[in-house]
Amino acid sequence: MSLELKEVEKKVGIETHIYSTNLKLEKNTINVLLGSTLAGKTTLMQIMAGLDKPTSGEIWFNGENVTGKEVQKRNCSMVYQQFINYPNFTVFDNIASPLKITGINSDEIKKRVGKVAELLKLSAMLNKKPDELSGGQQQRTALARALVKDSDLILLDEPLANLDFKLREELREELPKLFEDRDCIVVYATTEPLDALMIGGNTATLLEGNVVQYGKTLDVYNKPDNLTSAKVFSDPPMNIAEITKSGDKFKLADNNVQWTSNVNIKDGNYKIGIRPHNITTYKEGSNSVEINGKVLISELSGSESLIHFTNGKLNWVSLSNGIQQRNIGEDTKLHMNVDEFLYFDQNNRLVNHG
Amino acid sequence: MNKTFNQKAWYFVIPVFVLVAFNAAVPLMTVVNYSFQETFGSNVFAWEGTRWFKEILHSERFHASLGRQAIFTFIILLIQLPLGIFIALTMPKKGWGVPVCLILMSMPLLIPWNVVGAMWNIFALPDIGFLGNSLNSIGFDYNFTQQSGDAWFTTILMDVWHWTSLVVLLSYAGLNSIQPAYYQAAEIDGASRWDIFRYIELPKMKKVLTLAILLRFMDSFMIYTEPFVLTGGGPGNATNFLSLDLVKMALGQFDLGPAAAMSLIYFLIVLLICWIFYSLMMKNEART
């Protein structure tokens, strides 16, 4: 089983929503579409589902061209950011709704709904209506509806975005387990890099209608093909600077911060990308370099501290563990973990990492 | 802590109290006052107790106009609600058609009620009115000033023309608040157009429709101006609805006592029906 997009393109009027895209999703995989709002995640999903037709290109499913096939005739289900359930059906009827249309007998329906409800911890709520449930339970019901019918393709469009923090964490942990031994392709759209990392599987980074990179989630994270992919897959945003290299000496372009490294690239000008958690108020790693900064904002989030700082033209952000209180305007010293730097050439392609 | 005891905040309530008093309580109490007394003018009153209430409740005239009123309201609700929902469903959701439709729909609502009555009166005249003349020329024996059936037909048609827009606008607002994802989800489930209407649109419109029914019930149950100008309650008493009859009794015959009793009964009927309907519709909403 596989889902393949071949040269899929989507234009609305004169605007291009999806630029020519090739993507092959394999059986039994969870695939994360990662990108900011308007990156084209939802459009791509609707094309995959058959809710929307591509302007050009083809969609192949299991070796069959399904480009013009209506959504009802494909075996797919979808969960949305909003909690979409039939308002005057009970939870049971809601979950059963995709099955009733297929004409399965009622004993079988009961069995399957019961099983899914138990999986999603809804067994006690089967007789309630959606508006009597909490947001988390409403979204669980919507998830149950998507899971109950054994779809070949399950599309989840930012399913956690409208949930509050606690419920979100809880459901995010459960999600990968729900799909573990199902014979289907799961596509999960999100704006949050953390979602992608926690869900695992494969990730496609998207920017402005382009699929920038597709591969195993950790590979995309650790070895982004290019600067764009690295930026999409970094939250807080990645810190970027121009550098020059000669021999084993590296130097920030507008700045006298220098370090040595045995990274094997030619001498010349490069860009580096440093993830915020590799700039810390304390030393980390065997090879680190100091940078001075003037504190712009300092945010504490319980177990972590974000410090936004400037140094010359650089406007960077650092992420340290623990509570690291800094005052606005204060000069502070931070440590960058050289082993974790990402090096890009002048065309923004990755040349070396770590 | 030492609290100072101060009741001055009550003064803030006075403006509202005065307003409500003049606006509702005083006129209502005047009517209540009349309903228990007999008067011959010159500010001379005689106590009658509950006599007028008993008389009204047993009067055939009241039963007849209440009956007419109930039938009228029932018919116009039966026509205006489905028609309004249907028009709202067929209205465009985006593009230039939206403002055009909305403006066209609001037009009848903006015309003063007596003008509506006068318009339809002329429109329906059998000799010179476009509607009346056309109907006669294609073979119908139509004359709303002489035949009760025709008078009813015209009054109902007028009300449908005047007020269906309100149901349309409310339903349209309700429909527009449904997120597109609901339709997509239904499409994925393979739901038919009827299923979408029955299981998504109708439940989602429940609140605005409740409001539409309440407003249309109240307004039509108290209809006065339009039939007064159109038919004046005639021919005979054919379209003599409750409020028309009430005014005839109060100002035409100057029977202030019975008229006051009748308006109280009238008021209580409207209040009771609205309350029962609203509590039934909202019974399930209370929990959320």
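In which sense, parallel or antiparallel, do E9(A) and E10(A) pair, and over how many bridges?

A: This is a predicted model. In it, E9(A) and E10(A) pair in the antiparallel sense, over six bridges. One facing pair is A:Leu206 with A:Val211, the latter in E10(A). The two strands form a hairpin, with two residues between them. A:Glu208 sits in that turn and has a positive phi of about 45°.

Now place the hairpin in its sheet. The sheet is open and has six strands. Their order in chain A is E6-E7-E8-E3-E9-E10, and the pairing is mixed. E10(A), residues 210–216, is an edge strand. The other edge strand is E6(A), residues 76–79. Each of these edge strands pairs on one side only. On average, neighbouring strands of the sheet are turned by 15° against each other, direction ignored.

Helix H1(A) covers residues 41–49. Helix H4(A) spans residues 135–148 and touches E6 and E7 of chain A. H4(A) makes an angle of about 170° with the direction of E6(A).

The sheet also holds a parallel pair. E7(A), residues 153–157, and E8(A), residues 185–190, run parallel and are joined by five bridges. Within that pair, A:Leu155 has A:Val187 in E8(A) as its bridge partner. Strands of a sheet pair through backbone hydrogen bonds, either parallel or antiparallel.

E17(A) covers residues 304–311 and E18(A) covers 314–321. They run antiparallel and are joined by eight bridges. A:Phe309 stands opposite A:Trp316, which lies in E18(A). This hairpin, too, has two residues between its strands. Here A:Gly312 takes the positive phi, near 60°.

Next, the contact between the chains. Chain A gives 18 residues and chain B gives 15. E6 of chain A, an edge strand of the sheet, supplies at least two residues of the side that touches chain B. Helix H2(A), residues 91–102, likewise supplies at least two. By class, that side of chain A has 11 nonpolar, five polar and two charged residues.

Chain B has another make-up. Its secondary structure comes to 13 helices and two strands. The radius of gyration of chain B is 24 Å, whereas a compact globule of 288 residues would have one near 19 Å. Along the principal axes, the C-alpha atoms of chain B fill a box of roughly 85 × 75 × 30 Å.

One helix pair in chain B deserves a look. The axes of H12(B), residues 242–252, and H13(B), residues 256–282, come within 8 Å and cross at roughly 160°. H12(B) is therefore roughly antiparallel to H13(B), as angles over 145 degrees count that way. Their crossing is left-handed. From H12(B), the residues B:Leu242, B:Leu246, B:Met249 and B:Ala250 take part in the contact. In H13(B) they meet B:Leu256, B:Pro258, B:Ala259, B:Met262, B:Ser263 and B:Tyr266. The contact residues divide into nine nonpolar, one polar and no charged.

Note on methods. Residues are numbered from 1 along each chain as its sequence is written. Chains are lettered from A and ligands numbered from 1 in the order in which they are written. This is a predicted model: local features need pLDDT of at least 70, side-chain atom pairs count only at pLDDT 80 or more; totals for chains, interfaces and linings use all residues. Two strands pair if DSSP finds at least two bridges between them. Helices (H or I, at least four residues) and strands (E, at least two) are DSSP runs, numbered from the N terminus. Axes are lines fitted to C-alpha atoms, for helices over the stretch in contact, and angles run from 0 to 180 degrees between N-to-C directions. Two residues are in contact if their C-beta atoms, placed from the backbone, lie within 7 Å. Ala, Val, Leu, Ile, Met, Phe, Trp, Tyr, Cys and Pro count as nonpolar, Asp, Glu, Lys and Arg as charged, and the others, Gly among them, as polar. Angles under 35 degrees count as roughly parallel, over 145 as roughly antiparallel, 65 to 115 as roughly perpendicular and the rest as oblique. A crossing is left-handed if the near helix is turned anticlockwise from the far one by less than a right angle, and right-handed if clockwise. The radius of gyration is taken over C-alpha atoms; the globule rule is 2.2 Å times the number of residues to the power 0.38.
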